[in-house]
Amino acid sequence: MDALTQKQIDALAALMAQRKRRLEDEIREGLARAGHEPYADALSGTADAGDESVANLLRDVAHAEVARDIDELRDIVAAERRIAAGSYGTCIDCGAPIGHRRLEVYPAAKRCRPCQEIHEKGRGAAPSL
Ligand SMILES: [Zn+2]
């Protein structure tokens, strides 16, 4: 696989900068919503247990969305550091170039596809070795 050109890196960096601003907004909104969403009233005692569990569920979902946004933001910040360090587009596990097509789909990717698959499997059930 060919190394990325500076032009490709610049285009991917611009995509990430854009995405970063969106994520920052979403995280801010998500946190604000978790603080005073309409369902928060249901938590204050007047609602029955059913409403309360729905309210808790919705709050958990809001938190999960924020957590996911924060993870993606972290990936982007890490990718920007790799651009600055000149190691962007290289798999952090095996050092192979990450394909440009993969980076177009997810510019903050830090692993090549095979390593990412191994990584994701590793997070699931313990390997049977
Ligand atoms: Zn790899």
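Predicted model: local features only at pLDDT ≥ 70, side-chain atom pairs only at ≥ 80, totals over all residues.
Is Cys112 buried or exposed? At 9% relative accessibility, Cys112 counts as buried, where buried means under 20% relative accessible area, exposed over 50%, and partly exposed in between (1.4 Å probe, protein chains only).

Residues are numbered from 1 along each chain as its sequence is written, and side-chain values use heavy atoms, with hydrogens and water left out.

**View 1. The chain comes to four helices and zero strands.** Along the sequence the pattern reads α-α-α-α; helices (H or I, at least four residues) and strands (E, at least two) are DSSP runs, numbered from the N terminus. Of the 129 residues in the chain, 27% are buried. Contact means heavy atoms within 4.5 Å, and among contacts between residues at least 6 apart in sequence, 53% join residues at least 24 apart.

**View 2. Four cysteines hold the zinc ion.** The protein donors are Cys91 (SG), Cys94 (SG), Cys112 (SG) and Cys115 (SG), lying 2.3 Å from the zinc ion. Donors here are N, O and S atoms within 2.8 Å of the metal (3.2 Å for Na, K and Ca), and sites may look incomplete because water is not among the atoms. The arrangement is tetrahedral because the four donor atoms subtend angles of 105 to 115° around the zinc ion; for four donors, that label asks for all angles to lie between 85 and 135 degrees. In sequence, the donor residues follow the spacing C-x2-C-x17-C-x2-C. Cys94 sits in the loop between helix H2 (49-85) and helix H3 (100-105), and Cys112 in the loop between H3 and helix H4 (113-123), so this pair ties together parts that are 18 residues apart in sequence. Cys94 has 46% relative accessibility and therefore counts as partly exposed, whereas Cys112, at 9%, is buried.

**View 3. Asp93 touches Arg111 and Cys115.** Those contacts leave out residues up to four places away in sequence. Asp93 is placed in the loop between H2 and H3, and its 47% relative accessibility makes it partly exposed.

**View 4. The largest pocket has a volume of about 330 Å³.** A pocket is an open set of points on a 1 Å grid over the protein atoms alone, with protein on both sides within 12 Å along at least five of seven lines, and lining residues have an atom within 4 Å of a point. The volume is the space filled by probe spheres set on the points. Of the 16 lining residues, Asp71, Asp75, Tyr106, Lys110 and Arg123 are the closest to the centre. H2 gives the largest share of the lining, five residues, and both H2 and H4 supply at least two. By class, the lining has three nonpolar, two polar and 11 charged residues.

**View 5. Leu15 and Ala17 both belong to helix H1.** Helix H1 covers residues 6-35. Leu15 is partly exposed at 40%, and its C-alpha lies 9.7 Å from that of Ala108, 93 residues away in sequence. Ala17, at 28%, is also partly exposed.

Conventions. Tetrahedral: all angles 85-135°; square planar, octahedral: opposite > 155°, others 65-115°. 1 Å grid on protein atoms, 1.4 Å probe; cavity = no way out; pocket = protein on both sides within 12 Å on 5 of 7 lines; lining within 4 Å. Nonpolar A, V, L, I, M, F, W, Y, C, P; charged D, E, K, R; others polar.
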